[in-house]
Amino acid sequence: MEENQRGARVEEQESVICCEQLSKRYEGGVLAVDRLDLRVYSGEVFGLLGPNGAGKSTTAGMLTTRVVPTGGRALVAGIDVVARPAQAKQVIGVVPQTNTLDRALTVWENLYFHGLFFGMSRRAARAAADGGLVLFRLDDRAKAPVSALSGGMAQRLMVARAILHHPSVLFLDEPTAGLDPQSRLALWDILAGLRAEGPTIFLSTHNMEEADEHCDRVAIMDNGHLLSVDTPAGLKASVGADSIVTISATGDLDSLARRLATMEGALRATRADGTVQLHVKGARGILPRVLDIAEREGDTVTDVSVTEPTLETVFITLTGRELRD
């Protein structure tokens, strides 16, 4: 039975997002999402990975009521997002990739008026705005215009605004894109603090390291389909290799890959970006054997490295190496 990183049996948890045969076909016949079945469990940090054009943005758009499905259905916190979009918006918080803060308002006012918009009383909205600024380390900028904020501060303010009305699910689209390392760490520190009593987090990202470190489960998507869903550890184990050996060498790399693929413990060997990548089961004594096979045919190894499989390894294995527009 699958477990998340905190050891909870996910099958026994409550589903906070449920997609059944969810589909979206745009005008012109483009099928962006094709009969998607997906469950996200209460309290998870769930990551959605995929190359450009995989269907990630469309999926998140349908779950947040911004995109109307052409088939299937989606429930968020038990609410049908198509049948009851206004009610669904009350239980979700959204942090888009682009800055959507109101530049005509101060930092504090962005939070205060968001609270009023979601039906809070003036007193409750003031208290929530004050508390949000403290939690997100922005209380010293309360009266500042939004234009005076750094990128990291603006991102923290957007997250503070998104959770002000206590949503069941927080949707984050590339939340740390463009942030410096300090801002990125600060944002994740705050998000980690929300997990104990905060919302389920649905994260769309290209950052494999963040997904590996912070997500309980990860889905890899391409061409509108889910290719795999598991814990980061489970996905990395699915590659089957204990180690990945990357070899730079002179000579015919295609020939070298074919020869390396026949060695004991080799699962596969492929040419990639001017190197040969060898996936092996058991790395003990691998380097001398690689050098011996290469030099036997007159190839000269100029560099070799051994690493463990990563989420990027799984991602490339499932989606390929071709560039996407």
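Here is a quick chat about the confidence, the sheet and the helices.

User: First off, what is the average pLDDT of the protein chain?
Analyst: This is a predicted model, and its chain averages a pLDDT of 89, with 94% of the residues scoring at least 70.

User: Where does pLDDT stay under 50?
Analyst: That's residues 5-10. The model has 22 contacts beyond four places in sequence for that stretch.

User: OK, on to the sheet. In what order do the strands come?
Analyst: The open sheet has 6 strands, running β6-β7-β8-β3-β9-β10, with mixed pairing. β6 (92-95) and β10 (225-230) each have a single partner strand, so one side of each has no neighbour in the sheet. On average, neighbouring strands are turned by 15 degrees against each other, direction ignored.

User: And in which sense do β9 and β10 pair?
Analyst: Antiparallel, over 5 bridges, with β9 covering residues 217-222. A219 sits opposite V229 of β10.

User: Which strands does helix α11 touch?
Analyst: α11 (residues 311-319) packs on the sheet against β3 (45-49), β9 and β10, and its direction makes about 30 degrees with that of β9.

User: Switching topic: at what angle do α3 and α5 pack?
Analyst: About 20 degrees, with the axes 9 Å apart. Angles under 35 degrees count as roughly parallel, so α3 and α5 are roughly parallel to each other. Their crossing is right-handed.

User: Which residues meet there?
Analyst: From α3 you have V107, N110, L111 and H114, and they meet L157, A160 and R161 of α5. That contact divides into 4 nonpolar, 2 polar and 1 charged residues.

Technical notes. Residues are numbered from 1 along each chain as its sequence is written. This is a predicted model: local features need pLDDT of at least 70, side-chain atom pairs count only at pLDDT 80 or more; totals for chains, interfaces and linings use all residues. Side-chain values use heavy atoms; hydrogens and water are left out. pLDDT is the predictor's confidence in each residue, from 0 to 100. Contact means heavy atoms within 4.5 Å. Two strands pair if DSSP finds at least two bridges between them. Helices (H or I, at least four residues) and strands (E, at least two) are DSSP runs, numbered from the N terminus. Axes are lines fitted to C-alpha atoms, for helices over the stretch in contact, and angles run from 0 to 180 degrees between N-to-C directions. Angles under 35 degrees count as roughly parallel, over 145 as roughly antiparallel, 65 to 115 as roughly perpendicular and the rest as oblique. A crossing is left-handed if the near helix is turned anticlockwise from the far one by less than a right angle, and right-handed if clockwise. Ala, Val, Leu, Ile, Met, Phe, Trp, Tyr, Cys and Pro count as nonpolar, Asp, Glu, Lys and Arg as charged, and the others, Gly among them, as polar.
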